[in-house]
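Hello,

Here is the structure you asked to look at. Please open it before you read on.

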Amino acid sequence: MKDRILAKTDLASFLDRLLKRYRVVAPVDQGEYSLFRPLQRGEEVCLDYLKPARSAKEVFFPQNEDLFYFIEQTQKCVEPESIEKETVLFGVRPCDLKGIEAQDRLFLAGAFQDSYYQNRRKHTILIGLGCESPEASCFCHNFDIDPRGSTVADLFCVPIDNGFYYVSVQSKQGEALAGDLQEAGAEHAQALEETKRRPLKFSAERIPLEELPGALADRFDDPLWEEIAMRCLGCSTCTFVCPTCHCFDITDETHRGVGRRVRTWDSCAAPKFTLHASGHNPRTSNIQRMRQRILHKFSFFKDNQGVISCTGCGRCVAACPVNLDIREVLSELLATKT
Amino acid sequence: MTEEGACRCDAEISNPYHPWPARIIKITEESAARDTRTFELEWVDPDHTARFQHRPGQFAELSILGAGEAPISITSSPTQPNLQFCIKQMGVVTTAIHQRQVGDVIGVRGPYGNCFPVEAMEGKHVVFVAGGIGLAPLRSVINYLLDESNRSRYADVSILYGARSPGDLLFKEELKQWGERADVQYYETVDRAADGYSGRVGFVPALLEEVAPSPADTVALTCGPPIMIKFVLQGLTKLGFAPSQIITTLEMRMKCGIGKCGRCNIGRHYVCIDGPVFSYEQLLAMPQEY
């Protein structure tokens, strides 16, 4: 499989050619930020913002997903139509690609596999996009993430000199997309190497995350959680913008006897998340919920799925209305470990 | 994705959220308060009878389209012909189930969760300590052990059961049968007596202290209201039971039942996957948040 190059000025027409055969989803300008949206025309793609305000998880795990439709009286249900057209997801940064990898482990591995996630995932071709410089909130350098490469994507585009992307072709499906692009020459490969050698400046020092499991062990009853939770409003914004958060609710909605069972994003930060029908609630205080969130993402998920449930994308840092910075929380937990 | 793709989704998988239809063939009013009923079900699709094989202690998500789903332990033993669920009316979904009649169809997803360690328990004496609706999940193991295909592999079986009042005792016909069996020691108590009741009066922990089972080669299985469990655990410990010899089953708010929605965890364990059956030894090692 030969690597390719793509001029930045040719990006829109490349996406237009894809639109003839595929549904194409890419970052689209929403005014003050971008979001992953289906394109009508290639020129709608917007790379003005480093990454969309919400992660790529919503392409595979949408905020609302109809599980099936039913008629109350007959108690019969009908599943939604399965996906007909392949999707190309363009412009996924390595932090979001790592997020997809974490979601794959949760939804597809284990004793049960999620067929809704699987359906969207297997009908989507991924085109990754390398970063040129991190934002102040970015901290992917704490994880096993290369801001300029990822094997999760079918194609991976790295901006190199002279207004080009170096397009690494990493799968047969990627090759099917990039077949009409100019092949990369030796000079392009060298430009890629030079680009990759340039150091990236992050706003904060790397946190020694490998020390985190030790720092979190036996900390369940630590009074530090109260301090950490003090500013948190429990608004759940962090969980919604996060590439790896995966909690959801399932509810039935009906109108005049016809309805749907729908899956929607939910959050462990929400007060009623764990409320029993009896009225008992294991986590009644925000302190308990904050502790649960941090321990789940940085300890329990790692125990169960093998990776930390965080990719350093920094969206939670940017979006939190009270400027709660998870990097500070982790640093504090590490600094105070016994 | 191609075969080289990072995503492991080659094989088509079935929908784990799609409930299987089951018809209600019998409803038994269990409690004088009329808030607890046993529903006996038969599969609408005969194929499902062979495909749904459960082990004692597992649960299912019962579904009423329009109301939602609720996780309910399977009270019938796999040695019994039909699936049974003993359900206390508590919230939206259980109320909707209680409104169903014989002949109505409801949905079932499962079997989910782990099970009681019936193989590890072989050769041992087994003591059941149950309170109120806590008897429902234990009944699947009790009837499993007492089935003629299994009974000989277990030593002495004792059942200690209590409820708030005589009217609240569940499975009254079966309690009588257990009491009449020569190979079972059945002890009953109620918190407060009523007219016509001539049995023991007192709380379950007091009954446990009175019966005082020996911990030697014994496993204790307990389930009931949290306050009862707290005192039963103390009582068993005082009698010399090690935490590994005590087994209980937990309840938790659930939605997916298959370890994806993140709702039912205690520490790293999901009650729907790693539970609901846990030993006291396991519980002591888990965060005390449930």
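This is a predicted model: local features need pLDDT of at least 70, side-chain atom pairs count only at pLDDT 80 or more; totals for chains, interfaces and linings use all residues.

Chain B
Chain B is built from seven helices and 15 strands. Its radius of gyration is 20 Å, close to the 19 Å that the globule rule gives for 290 residues, so chain B is as compact as a globular protein of that length. Along the principal axes, the C-alpha atoms of chain B fill a box of roughly 65 × 40 × 35 Å. Of the 290 residues in chain B, 46% are buried. If you take the contacts in chain B between residues at least 6 apart in sequence, 70% of them join residues at least 24 apart.

Where chain A touches chain B
Chain A puts 50 residues into this contact, and chain B puts in 39 residues. On the chain A side, the elements that give two or more residues include β4 (64-71), α3 (94-108) and α10 (286-305) of chain A. Which element gives the most to that side? It is β11(A), with six residues. By type, the chain A side holds 20 nonpolar, 17 polar and 13 charged residues.

Domains of chain A
The contact between them takes 35 residues from domain 1 of chain A and 30 residues from domain 2 of chain A. On the domain 1 side, β4 and α3 of chain A each supply at least two residues. That side divides into 16 nonpolar, nine polar and 10 charged residues.

Regards

Terms used
Residues are numbered from 1 along each chain as its sequence is written. Chains are lettered from A and ligands numbered from 1 in the order in which they are written. Helices (H or I, at least four residues) and strands (E, at least two) are DSSP runs, numbered from the N terminus. The radius of gyration is taken over C-alpha atoms; the globule rule is 2.2 Å times the number of residues to the power 0.38. A residue is buried if 20 or more other C-beta atoms lie within 10 Å of its own, exposed if 12 or fewer, and partly exposed in between; C-beta atoms are placed from the backbone. Two residues are in contact if their C-beta atoms, placed from the backbone, lie within 7 Å. Ala, Val, Leu, Ile, Met, Phe, Trp, Tyr, Cys and Pro count as nonpolar, Asp, Glu, Lys and Arg as charged, and the others, Gly among them, as polar.
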